[in-house]
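Hi,

Here is the structure I said I would pass on. Have a look at it first, and my notes follow below.

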Amino acid sequence: MHTFYTPDIAVKTELPEEEAAHCLRVLRLTMGDEVMLTDGNGFFYKAVIDSIAGKRCQVKIVESIFQEPLWKGHLHVAMAPTKNIDRTEWFAEKATEIGFDELTFLNCRFSERKVIKTERIEKIVVSAVKQSLKARKPKVNEMIDFDRFVRQDFKGQKFIAHCYEGEKLLLKDALDVQMDAVVLIGPEGDFSREEVALAESCGFRPISLGKSRLRTETAALVAVHLMNLAHVTES
């Protein structure tokens with residue numbers, strides 16, 4: 001059964017324009033065909049195509065299914081986007097498949113990319129949500145300056161992954177799965193020492209992602225995986 005992303009389905013039983021085009025033109029579904037919908041907020045909906053008018057596709061909800069959260073707390077990754085945008089897009093896709101809640105892009109001192117089109121990332125995330133059969137879509141935020149981001153109030157745990165010497169716990173050992181968590185991942189040139197010092201003064205704890213030196217997108221994905229692993233082990 002084909003899955004479609006329908007964030008307004010609770011109030012509007014019509015597929016969004018782009019989803020309708022995929023449904024009707026690409027998949028060539030027709031009236032009476034069964035489809036699965038997700039609102040990205042925790043619900044799946046079994047439905048049938050009820051009517052078709054030009055590019056518009058109305059559906060009839062047959063059953064709503066609540067998907068229990070796969071972990072406790074709110075998992076937030078804030079990363080500097082890579083110079084090669086394909087790597088950032090790869091991360092967004094794979095992290096969504098694994099599962100997390102929020103993605104923020106950081107403008108750091110050593111960032112090689114200062115602009116990012118979040119509309120493209122949103123589409124990749126939506127596609128991954130549908131592919132991995134998740135009822136919750138991660139929130140994608142616009143780029144923000146590092147200094148401004150770390151000075152915000154965050155509920156729960158705050159971590160920063162960097163390559164400088166110092167005492168660091170592995171993320172999986174530092175994480176309290178009962179609490180929200182935000183993890184900072186720097187650019188290829190790492191965070192500056194001043195950025196690390198500022199983050200630590202704002203309550204971010206330095207953590208390790210393992211013994212290997214990782215690319216930005218790999219480090220961010222490892223962080224997502226370790227957070228998920230910790231929650232799976234706990235449950």
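What do the buried residues of H6 pack against? Before the answer, some housekeeping. This is a predicted model, with residues numbered from 1 along each chain as its sequence is written. Local features need pLDDT of at least 70, side-chain atom pairs count only at pLDDT 80 or more, totals for chains, interfaces and linings use all residues, and side-chain values use heavy atoms, leaving out hydrogens and water.

Now the helix. Helices (H or I, at least four residues) and strands (E, at least two) are DSSP runs, numbered from the N terminus. In H6 (residues 193-201), Glu195, Val196, Leu198 and Ala199 are buried, meaning under 20% relative accessible area with a 1.4 Å probe, protein chains only. These residues span an arc of only 165° around the axis (taken from the directions from the helix axis to the C-beta atoms), so they sit on the same side of H6. Their packing partners are helix H4 (146-150), strand S9 (157-161) and strand S11 (181-185), with contact meaning heavy atoms within 4.5 Å. On the other side of H6, Arg193, Glu194 and Ser201 are exposed, that is, over 50%. Gly203, with a positive phi near 100°, follows H6.

Then there's the sheet. Four strands make an open sheet in the order S1-S2-S3-S4, with mixed pairing; two strands pair if DSSP finds at least two bridges between them. Strands S1 (3-5) and S4 (56-66) are the edges, each pairing on one side only. S3 (residues 43-53) and S4 run antiparallel, joined by 10 bridges, and Ser51 has Gln58 in S4 as its bridge partner.

Cheers
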